[in-house]
Amino acid sequence: MEKSKVLIIGGTGYLGRRLVKASLALGHETYILHRPEIGINIDKVEMLVSFKMQGAHLVPGSFKDLNSLVEAVKLVDVVICAISGVHVRSHQILLQLKLVEAIKEAGNVKRFLPSEFGMDPRKLMDTAMDPGKVTLDEKMVVRKAIEETGIPFTYVSANCFAGYFLGGLCQFGKILPSRDAVIIHGDGNKKAIYNNEDDIATYTIKTIDDPRTLNKTIYISPPKNILSQREVVQIWEKLIGKELQKITLSKEDFLVSMKVLDYAQQVGLSHYHDVCYEGCLTSFKIGDEEEASKLYPEVKYTTVEDYLKRYV
């Protein structure tokens with residue numbers, strides 16, 4: 001079967017650049033939307049040039065210019081959007097409504113993967129904590145537009161990005177593991193799901209030509225990566241040969257600590273609350289036909305232990 005041509009929007013971002021690499025590695029003709037909004041950001045420009053040298057096509061386009069989006073979309077079969085939904089950096093989820101409009105007008109897209117890649121908003125929007133719930137609400141607005149328009153889709157729920165969660169041993173605002181002490185959220189026994197960002201990109205690209213994933217939500221939940229915070233800490237302690245001092249942070253104290261923060265930080269902490277104190281990511285069951293590591297056993301995913309070895 002001929003591989004789909006892929007347009008990636010947000011291709012210089014945290015996940016987007018990994019999606020570009022995975023798309024090229026898996027043999028797809030890959031296009032990257034080059035938005036003028038990046039201005040003279042030399043790092044992003046050099047990244048785009050690097051991707052071009054690896055065989056990717058750069059396509060000019062802007063969310064401020066619907067026609068430019070339509071023309072870009074007409075070049076491909078699949079559109080993947082990876083623009084940021086993280087409030088502490090930039091938050092652009094609803095910009096995708098313009099993209100939905102462009103895909104509808106172009107009329108040629110076989111699959112659209114919007115910027116999801118975290119929690120499944122449909123499963124968790126009724127229990128998510130404010131103000132973090134705003135992210136899920138906005139993703140549902142985009143989903144509603146996609147489905148009402150009749151655009152074929154795949155939603156990818158990638159759970160916790162390893163760089164943000166494992167690097168800091170599941171502590172908010174930390175991205176390197178301590179060798180001395182760690183804050184344990186509650187009893188530390190709520191299970192979450194941690195995934196290497198490169199694996200997330202590979203699984204995502206695997207879905208785009210797969211009829212089994214059409215108009216479905218696919219969960220990246222490899223069994224060896226479903227662990228509690230205490231289990232993550234124990235793996236780290238084994239790797240460094242040292243037991244960390246453990247400081248317990250109760251749910252009540254965690255909520256009090258949020259009140260002094262700005263709105264963007266409160267959004268992020270709300271997600272940590274839902275994951276670490278409520279165990280939201282493992283609060284529902286999924287079938288083998290919905291889980292990426294079962295669908296694509298040929299992908300050798302990175303386990304939590306293997307991921308943490310980079311910090312030793």
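The second largest pocket of this predicted model has a volume of about 170 Å³. Of the 15 residues that line this pocket, Ile-193, Ser-221, Ile-226, Phe-284 and Ile-286 are the closest to its centre. Its lining comprises seven nonpolar, four polar and four charged residues (nonpolar: Ala, Val, Leu, Ile, Met, Phe, Trp, Tyr, Cys and Pro; charged: Asp, Glu, Lys and Arg; polar: the others, Gly among them). Pockets and cavities were defined on a 1 Å grid over the protein atoms alone: a cavity is a set of points where a 1.4 Å probe fits but cannot get out, a pocket is an open set with protein on both sides within 12 Å along at least five of seven lines, and lining residues have an atom within 4 Å of a point. Grid points are joined across faces, edges and corners, and a volume is the space filled by probe spheres set on the points.

Residues are numbered from 1 along each chain as its sequence is written. Local features need pLDDT of at least 70 and side-chain atom pairs count only at pLDDT 80 or more, while totals for chains, interfaces and linings use all residues; side-chain values use heavy atoms, with hydrogens and water left out.

One cavity of 30 Å³ or more was found in a search of the whole structure. The largest cavity holds about 50 Å³ of space. Its lining consists of Cys-170, His-185, Gly-188, Asn-189, Lys-190, Ala-192, Tyr-194, Gln-229, Val-275 and Cys-276, that is, five nonpolar, four polar and one charged residues. At least two lining residues each come from strand E11 (191–195) and helix H11 (263–277); helices (H or I, at least four residues) and strands (E, at least two) are DSSP runs numbered from the N terminus.

Helix H11 also packs with helix H10 (residues 251–258): the two axes come within 10 Å and cross at roughly 170°. Axes are lines fitted to C-alpha atoms, for helices over the stretch in contact, and angles run from 0 to 180 degrees between N-to-C directions. H10 is therefore roughly antiparallel to H11 (under 35 degrees, roughly parallel; over 145, roughly antiparallel; 65 to 115, roughly perpendicular; the rest, oblique). Lys-251, Phe-254, Leu-255 and Met-258 of H10 are in contact with Gln-266, Leu-269, Ser-270, Tyr-272, His-273 and Tyr-277 of H11, contact meaning heavy atoms within 4.5 Å. Six of these residues are nonpolar, three polar and one charged.

The axes of helix H3 (residues 66–73) and helix H4 (residues 96–106) come within 8 Å and cross at roughly 55°, so H3 is oblique to H4. Their crossing is right-handed (the near helix is turned clockwise from the far one by less than a right angle; left-handed if anticlockwise). On the H3 side the contact involves Leu-66, Leu-69, Val-70 and Val-73, and on the H4 side Lys-98, Leu-99, Glu-101, Ala-102, Ile-103, Glu-105 and Ala-106. This contact has eight nonpolar, no polar and three charged residues.

Two backbone features were noted in loops. The peptide bond from Asp-130 to Pro-131 is cis, with omega near 0°, and Pro-131 is in the loop between helix H5 (121–124) and helix H6 (133–149). Leu-169, although not a glycine, has a positive phi of about 55°; Leu-169 is placed in the loop between helix H7 (162–165) and strand E10 (181–185).
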